[in-house]
Amino acid sequence: MTHHKRLLVIGNWKMNLDYVEAVHLGQQLGVLMKNKPVEHTDVVVAPPFVDLRSVTSIVESERIPVEIASQHVNANDNGAHTGEISVSMLKRLNVKWILIGHSERRSMYAMNDDVVATTLRSVTRAGVQAVLCVGEPTEVRHAGEHEAYVTAQLTSALEGLDEKSRELVSVAYEPIWAIGTGETATSQVVSEMMAHIRSVLEHVSCAHARVLYGGSVNADNASSLVLEGGVDGFLVGGASLKAESFMSIVQTCDDCYDGKR
Ligand code: PGA
């Protein structure tokens, strides 16, 4: 049976926008989405923790067709973890998605492959959708080791995951050299990595997972990344902070949907 995947675009607001600004952006997204509804694309935003409550309220009360993600979570259920947040706390706020192992968490906040694997298990066990972020640094790309690097990140997180949990996984390929640099990976580079990631996913029985690209995505490069790069959507940082630029990426993605993936 062919399984047609919808596209998925996630806005990662990172440590930007206080709750007043976040509500404003949520409302602007609502207006744009009502003017031009999307058909084939799931739209998700990932605000900072302290904005989650306000953004979920606005999205629910104004029936904005956007789901909410958290940028991070602690793998433990509760207890002595000062400054951390648990999956159940996020679920209670109607958070449907959680980003796991973003490169900024890996490089600055000690999130190694073991922590990523444990976190992925707590998230999926709770029935929440996990977005596993992977991607190589510049020196690894220059050494030609990028495929092996990404394989190791994927297998350490996904191998041995039970079937129900595997259903809840999406992957975001974000080469570190492309994040926030304006240096987007070419469609060719992305297309090769998509093929590689999909073969690894098949190996770990996760072939259904959507594979996104992230790293300096904007309205101008989005269509070639979908059409030639073969991505199932995007994880967008900088360009997700303005309603117009984020929605034009979403619209471009939606327009490129051909039902073939
Ligand atoms: P960017 O960030 O779009 O600003 O490059 C992407 C990300 O880190 O998710």
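Which polar backbone atom lies 2.8 Å from an oxygen atom of the ligand? The atom belongs to G238. The ligand, taken alone, exposes 280 Å², and the protein buries 95% of that; accessible areas come from the Shrake-Rupley method with a 1.4 Å probe, and for residues only the protein chains shown count as cover.

The model is predicted: local features need pLDDT of at least 70 and side-chain atom pairs count only at pLDDT 80 or more, whereas totals for chains, interfaces and linings use all residues. Residues are numbered from 1 along each chain as its sequence is written, and side-chain values use heavy atoms, with hydrogens and water left out.

**Ligand site.** Around the ligand there are 13 residues, of which K14, H102, E174, G180 and S216 come nearest; a residue is near a molecule if one of its heavy atoms lies within 4 Å of it. This shell comprises four nonpolar, seven polar and two charged residues. Here Ala, Val, Leu, Ile, Met, Phe, Trp, Tyr, Cys and Pro count as nonpolar, Asp, Glu, Lys and Arg as charged, and the others, Gly among them, as polar.

| Residue | Residue atom | Distance to a ligand oxygen |
|---|---|---|
| H102 | side-chain N or O | 2.7 Å |
| E174 | side-chain N or O | 2.7 Å |
| G238 | polar backbone atom | 2.8 Å |

**Nonpolar cores.** A nonpolar core is a set of buried Ala, Val, Leu, Ile, Met, Phe, Trp, Tyr and Cys residues joined through side-chain atoms within 4.5 Å; buried means under 20% relative accessible area (1.4 Å probe, protein chains only). The largest core has 71 residues, and L158, Y213 and F234 touch the most other members. Leaving aside residues up to four places away in sequence, Y213 has contacts (heavy atoms within 4.5 Å) with residues including Y173, M194, L225 and F234. A second, separate core of 12 residues includes V44, W97, V131 and A172.

**Cysteines.** The structure contains zero disulfides, a disulfide being a pair of cysteine sulfur atoms within 2.5 Å. The sulfur of C253 has its closest cysteine sulfur in C256, at 6.8 Å, which is too far for a bond. Both residues are buried: C253 has a relative accessible area of 0%, and C256 one of 10%.

Note on methods
Buried means under 20% relative accessible area, exposed over 50%, partly exposed in between (1.4 Å probe, protein chains only). A polar contact is a pair of N or O atoms within 3.5 Å; within protein, one must be able to donate a hydrogen and the other to accept it, and residues adjacent in sequence count only if both atoms are side-chain atoms.
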